[in-house]
Every structure is written in structure tokens, then in C-alpha cells.
Amino acid sequence: MSASIMLEKKYNPNDVEPRIHQKWMDENAFRAGANASRKETFTIMIPPPNVTGALHVGHAFNNTLQDVLIRWHRMRGFDTLWQPGQDHAGIATQLQVEKMLKQNQLPSRRDMGREKFLEKVWEWKGKYGDTIVNQLKRLGASCDWSRNAFTMAGAPGDPGTGHENSPNFHDAVIKVFVDMYNKGLIYRGKRLVNWDPHFETAISDLEVENIEVDGHMWHFKYPLAGGETYTYVERDEDGNIVLEEERDYISIATTRPETMLGDGAVAVHPSDERYAPIVGKLCEIPVGPKEHRRLIPIITDEYPDPDFGSGAVKITGAHDFNDYQVARRNNIPLYVLMDTKGHMRTDGWSYVESAQMAKAIAQKKREAPEDVSAINLVPEHLRGLDRLEARKKVVAEITAEGLAVMVEQTRTDKETGEETRVRVPYVENKKIMQPFGDRSGVVIEPMLTDQWYVDTAKIVEPALAAVREGRVEIMPESGEKVFFHWLNNIEPWCISRQLWWGHQIPVWYDDEGKEYCASSLQEAQAMAPGKTLTRDPDVLDTWFSSGLWPIGTLGWPNWTEETRKYFPTDVLITGQDILFFWVARMMMMQQAVVGEDPFHTVYLHELVRDEKGRKMSKVTGNVIDPLEIIDEFGADALRFTMAQMASVGGFLKLSTNRIKSYRNFVTKIWNAARFLEMNDCYRVEGFDPKTVSMPLNKWILGALPRVVAEIDRGLESLHFNDSANAAYEFVWGTFCDWYIELAKPTLQGEDGPQKDETRATAAYVLDQILLLLHPFMPFVTEELWAETGKTGPERTAMLVVSDWPDLAGLESPEAEDELNWLVDLISGIRSVRAEMNVPAGARIPLVVVGASPETQTRISTHTDAIRRLARITDLETAPDVPEKAAQLVLGEAVYALPLGDVIDVDAEKARLNKEIGAVEKEVAQIERKLSNQQFLAKAPERVVTEQKTRHADLSERHEKLKKALACLG
RNA sequence: GGGCGGUUAGCUCAGUUGGUAGAGCAUCUCGUUUACACCGAGAAUGUCGGGAGUUCGAGCCUCUCACCGCCCA
């Protein structure tokens, strides 16, 4: 057969990838159970990307790892399912659609109404919702796309586009809500929640980001009621009086003056002696119309820190989480000041009415009603203002009235340079932690509202037990600690959202406000005969439905035999940032609903950052778009880079440089395949790798089981980087750099059995390489699988559904020793040549001295290879080292390169001396150990023997090097 | 303030039960030898953050200090 070049000179991923992907789809290669040959299943649930999402590097990383595992298991014959799908992403999607409406100058969400708006959302989903699915396909994600699921599937109005076969997620979500409600695991309550004034909805603790910003701390005087006074005494650490004065006020520090309007009390620490004389008395809030100033009590509570500010804290229960706790402990009313947009309230009673009522409550002349929401303590002139505007006015008013705490400040006149002392309000500039909505970016306002909660404390234990008892392993291990810490201190989970896009809460209210929880209006009506029912307008937190992802995508509550076998799933791979959002909640909810752990292993990974370790952001301009990377370097290069970065718990820093180097690896494989093709290395029918006879072939075949084992071990333990590195090293470092080079003399020499054997072996090893690399680089390997399948025996299947190599029994220690020797020899000669400045192109003779018969046999076996790779002309044996020769000591023999007058004797001496020095250093180290009685007595036998052997080898080498040095005179 | 990590070659990072410190990239030198310059050959590079301890032996275990991250208040 003649060498006909079929492979393109260059591999072009842009042409190949879409074609290969289509073939996979045509062959149903990703279908659940494809290539299954055993009973064990392997299931991964994709972390559902938002339906609004576009593929970013985080997805690329995350899904590459999942795909590697999936492809590996599929090839190993597991009954494999990678379940894809998307999340309806309440806030994000609603926002996106509202934006679209605005751009197209359509009526706004509120103008068109709920039903019409939801229609628009579904329309939008059908149009743009498959973006990320198509992008995942470009990455090569081998999900069973025919099962693409959606967390809103089956909800009213669902036209089913893009998730045609999705189980009815909506029914599952509603059922879970009703069940949990009936079990008392879900309840409704008026609580302080994180309120997003932009989206006008409650959000959970986890959706709040606390960011340190520049803020101010104002200090104000709250006058005591009736002009009362007390002696204010301040002491230093030793109890000496540093300040003593009569005061008719108590000093309060606050970062939020506008909330003073809703103060219900002033609190001091019970141990704080400064304020002991006035505890229990009333003081006046220094804002609002003077004639209707409110009086509030001075109380004690453990919360105030005596060393912070003045030690006295104003308590605004409806607008601060800490104050809320204090207010509840001390039965202080919670006065709401703001509306859903974060503006000062305009509803409720007039200020005068409200103030009088509040005053009566404070003076205990009246019992506070349970619901104080009608009381609006915002003075008329501040009503309707944004809270920040209101803040400015409040500060100005208090200051004008002389109730701000003042300090002296020195001011220098710019022109005259004259210094004057002025008294100014005491305002500290300080960093304060401010809560922001992670989606909206606006300042979050604690807001007192009615919301639905999951009583997480009641369902947390099984999730904790799962990890504690090792049923669920979290990687890296530090993740488990974080998991325990959070779950052990879990707070109720607020699950209602004041949005429209989402699963509407299945609760109806009658006219008296009594609630009926049921799967449908009919059922609810049956519970409330003759009553007019109104449905709760709120929807569920998106994470409530994502929490059901494992069972929901598999069709719960209907279990078919097929879906039953894929649950529980196996490995969950996700970003550590959603450990609480999603992972912990899935564990709690699957346990609460079906009493099982949803998976046995959780692999958490870091955020993918840029090469400098910075977060990628549009603002910084350091975003790497995976699709651009795929366009430029191919999906395989990106995937291999991702796998290679994936050390457990490691930081993920991505640079295009790195991707480029793995693109080079793809090219390398391509070229190796081209080389084999050019040399007629075709697969041979019935080739049995156990029957080869040449050491070179035995060696490369013997190295295969080891690399398979390394890759297996890495993937088994989710050390993707280890597997990737092992594959890379074998393919490039062993197969290309040595095997192919060493095989060249045979391949390009005389025809005969040796050439045939080498050709067959090379083709066989390439096949194994394609199999091994496939999980990491599916496209180029599949393409080469097809190309190399054009000759030799016909391929029975695409690579994606071929079997993972099982090569036990190919190991060959003798061939390994022999080839290791050969590689050392050639490397040694090359090294000497380079250091002796022998021109790279020059061919020189080699004289072997003192070789054992075995070595001599080896030399004659590999003469051609040595000649070629070490650029040697004559290869002869001699009893003595010739004059003017550079010498290489390897094993028992010395290899001399007679360089004649070319040799620089001093350079050669220096080279040998350097080597001798290194050997001596090591020998000394070992001798220190061996002469240590403690070491001999206590170290394990194995270690001692090892050291002794090493010592012997090094000593021999040392002697030979010395002798070589002596030869030089 | 609480919790969890990190500190190893110029850079990015491996180092799985304590026993000869590694890789990739970058750097330098040489080289077009018909698979590959997206290549080949060779070289240089480390008081494994500081200190103390346990041990025959510590990058790895313990304590401590310093600095840097992240999460939660």
C-alpha cells in the first residue's frame, strides 16, 4: 500500500467541530444509556443555567468537567445520563423581558397586566431561551439534549418550546409546597426581610451582598422629657473621672438619621453606669413638628456596645435587623416608614394622628395594636421623598435646631491664613457595611412585610447527617466545614417573591384572610365552600424550584422504571458560590420530599478568574468569552485547559497563553497521526499487542496500562488535572518525543517483519491515545478516529460510544529497563554535545568503554536509533577511553566522544567537576543518614535499603566520573 | 467580629497517607534532521512566607507570627 496523504496538513476545528457534533446527534450518542454494557448507572444533573444566560468561562469550566466524567463513564460502559435543562431565573428573566418591552416601546409590565406579561415571557423564552444550550453544544457537552428540562415546565401558559420533553416541573413544585405546608414546614409570617426597592420584592439573605462603603455617623441629642437633667460621668480604664457634666439629653450615634422618625426606644447596655440614672425615663425624638414630638423610653438590652459611639442606640425595629431583635425582646412597636420603592410613606394616618397614637403607646397609656401599619410617622413635608433625600432634610432640621452634637474645628482662611475655631456638627466619616441586591445593585432596605418561609431548622438535620456520616462527600474538604457552619446556624428561608415570573404560591385567602393551601383553586374551594377566594399574588424563590432539580428533572412524583434508575444521581459539579443557594437546599429538599440524598459527591470549584486572579467583569474589561476562544483555538484546546486547571480546591486563573499551548497539543496529536499515516501505519485486523517482539514496541505498549491507570485514578478521585497531565505527558513526552523518533529508523528502513510490527503497533497505540484523550478532547479525537478508520478493519462505532481501554497484561519491565537506558544514553550524549558546543548538525563518533555483554547487545539492537537521535557516525567498542574525548558515565559503561582538537579540555573538566560536585553532595547527604544509628534503628527497612542502594550507585558513578576526569590529564 | 483557605522556580500552579522538591509557560543557547517552528535539542532557576516544636527524618504534622484572599455578620 502506498503512502497517500489523506489528512489535511492543518487541523481546522472550525470546520470539524460542527460536523462532528451533528454526527453525534444523528447517532443519538448522548442518549441516556448509550454504549451501556453494565448495570451501574452514572448520572450527573447539570447545574441548570439561567434561561437568560450566555455561556461564560465559569460554565465552560464547569461543564467541561462534567462532560469529561460523562464521556469517561459512557466509554466504560456505565448506563450514563447527563441531564440538561435550564432555570427560569425569576428576577433575571423578568428584568430581561421588561427591558425588551421598553426597547420595543410596548406597554410596561404593569400596564399590560400579569397574564399578558407572562405570555410575553414565554414568547421571549421560546425565542432566545436556547442560546446557552447551543453554546454548550459548541463546547461539546454530551448531555442527553432530548430530555432538556425547564424549571417552569408545565406552568400556566407554557407552550413547551425548547423543553418539549421536560417533565412537568410546575406540578412537582406545587406538590412539594403543598406537602411541606401540610407538614408544617412552610409558614407565612410578618418579619423583617431584605427588600429590594428596585425590583420591589423580598429577597433571601443569600441574595444580599454586603459591601463596605464610605458612610457617615451623625451624633444627635435626644432631650429628656420634661427638661429633666442628670449627671453624666465618664471614667477611664482605672475608674478615674475624665468628664462630669449635667445633661438634659442622651447622645445617640446613627448612620441612618431618616429612620429616627420610626424610633421606638433608646437602648443602653444594662452595665452602662453612665446612663443608669435615666433608664426607664422618656426622651424626645428631635425630629418632626415641634409640637408633636414623640417621646420614647430609654431601655436596657444586651445589644448596645458601651464602647461604641455614645453607648446608646436608637431602636428602629422596622428598619434594622439588630434593632428588630431588640424591639421584639422588649415589646417595642415596629413603625414602618418606607414604601416598596424605598420612599418615605404617603399612606396611613396623618402625622399628627400617628404621632399622638405612638406617644400614647410609649407612655403606656395605650396598648400597641398588633398591627401598627396604619401609623405613619413620616411628617407631611417628608412624605414621598426618597430615603436619601429625607435623610438630608432630617439632618439639616436637627442641626438648625441645635440638637446636633457639636465639636470644635480649626479653619484656616485661605487668603489671610488666619485660623479660627468654629463649632460644627459632629459627623464621623467611616466605612460602613451596606447591603446591596446581587441582581439589582441597589441598597437593600430591611422591610417589615408578610412573606412565606421554609422552616429550615426542621429539615436541616438529614442534610447535616448525610455529610457527617459520609454518605455525601464534599470536595474540597474545606467545603464540608463551611457547609456545617452554615447549616448549624441556619435561618428561616424566605421563599416568596413579589414577582410575576415564577411558580405562583398555591395559597388562597378568603375575605377574612384565612389561608387555604392546595394544588388548585378547585381543591382550595373545596376546603372553603361558599367563600370567595383570592390567590396569593407572590411567586416562589427561583431556588425553591431549583432545589428540586434532581427529582424534578426525572419526573417526580411519577417514577418510571427508567427515571428511578438514574436517581439518586452521582456527582454534582458546581461553583462553591452556590453551596448554600443550591447544594445545601437540594440536599435538604430531596430528603424532605423523597427521603434520599440527591448525590454522593459534591465537587465545588472556585470562580474562574483572569490570569492575574481578578474577577472577570465588563468594567475591568478582562472578560474571556469562551465562544471567542472556541472560534480561535477550538473547543478541545479550551476543554483541555479547563481540565488541566482543575486541581481540587485550586484557584482558577485562565490565560489565553495557556489555551494556546494546549491548542498546540491538539496540533501535535494531529501531526503525529499524519506522520503515522505517511508511514503506512494502519490498523491491522486481529493485531494482538501481546505478541510483539521488538523492545521498542513492547515498551510503548507496556507504558499504556500505566497511563490508563493514572487517568483512571485521577478521574475516579476527581483530580482532573492529574489525568490531563498524565495524558499530555504520555502523548507528547513519550509517544511523540521518543517512540516515534525511535521508530523512524525502522519505519523508514527496509521492509520486513520489524517494519510491519512497528507499523501495527504505532497504529494501535494511536487508537488507544484517541480513546484516552476523547473525554478531554472529543472533537479532534473523533475526527481522527474517523480518518484512521478509513484504512484497516472497519470501525464498529464512533469513538464517543467506543470502549475505554483495558490493557492489563501489556506491562513489560525488561523492555522498560532497556528503553529507559536508551533514552538516558541519547539524552546524555545530547547533553554533553550541547555543553561541549558541538554544532548541532555535526555527526561525531562514539566509543563505548567497559560495557557489559547485556549493554553491548542493547547497543547493537538500537544502533540506528542512537546514530540518528544522538547524531553519531561510527559506533565502536574500545578497551580504553581515547584521548581528547568528552565522556559520559552511564551505568557500568563510559561513552566517549572523541572530539580531537575541537575539545575544550578546560570546559570538559569543568563539566565533569560540576557533576562530581553534585554527586558528592548527594553522597554526603546519604552518608549522614546511614551513619545515624537512630535512623538505622527506627526508619523502616525499606527506606534503609533504598538509601543503601542509592549510596552504592552514586559511589560507583562518582568513581567513574573521577576516572574520566583523570583521563583528561 | 466569626468562619474557611492561601503563602513552593520570573509567572501560574502540582506535590493523596512524613523518606531523592516537580510541571506548564516565560527566559537563555543551539537547530529547518520531509509529522509538527502551533517544532526539535539543551541550559539556568528554589534557605517550599518567618520562627519554634514533634520526629531518625518535615514542603507535608503541631504551635505561633506576618501578609494575602474568600464567605458570613
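Residues are numbered from 1 along each chain as its sequence is written, and chains are lettered from A and ligands numbered from 1 in the order in which they are written. In this predicted model local features need pLDDT of at least 70, side-chain atom pairs count only at pLDDT 80 or more, totals for chains, interfaces and linings use all residues, and side-chain values use heavy atoms, with hydrogens and water left out.

Visitor: What makes 629-811 domain 2 of chain A?

Guide: Chain A is divided into four stretches, among them domain 2 (629-811) and domain 3 (812-901). The bounds come from an automatic or database domain assignment.

Visitor: How do you know which residues take part in the contact of domain 2 and domain 3?

Guide: Contact means heavy atoms within 4.5 Å. The contact takes 14 residues from domain 2 and 18 residues from domain 3.

Visitor: What area do domain 2 and domain 3 bury between them?

Guide: About 1200 Å², with 72% of it on carbon and sulfur atoms. Buried area is the accessible area (1.4 Å probe) that two parts lose on being put together, summed over both. In domain 2, Trp-699, Trp-738 and Leu-742 lose the most area to domain 3, together 43% of what that side buries.

Visitor: Why is the pair Arg-706 and Glu-816 called a salt bridge?

Guide: The term requires a side-chain nitrogen of Lys or Arg within 4 Å of a carboxyl oxygen of Asp or Glu. The side chains of Arg-706 and Glu-816 meet at 3.4 Å, N to O, so the pair qualifies as a salt bridge. The count between domain 2 and domain 3 is one salt bridge.

Visitor: What makes a residue count as one that surrounds RNA strand B?

Guide: A residue is near a strand if one of its heavy atoms lies within 4 Å of it. 49 residues surround RNA strand B, and the closest are Lys-481, Trp-732, Arg-871, Lys-938 and Arg-950. Sugar and phosphate account for 58% of the atoms of RNA strand B that come within 4 Å of the protein.

Visitor: Which atom of RNA strand B is 2.8 Å from the side chain of Lys-668?

Guide: A base oxygen of RNA strand B, 2.8 Å from an N or O atom in that side chain.

Visitor: Which helix gives the most to the surface near RNA strand B?

Guide: H20, with twelve residues.

Terms used:
A polar contact is a pair of N or O atoms within 3.5 Å; within protein, one must be able to donate a hydrogen and the other to accept it, and residues adjacent in sequence count only if both atoms are side-chain atoms. Helices (H or I, at least four residues) and strands (E, at least two) are DSSP runs, numbered from the N terminus.
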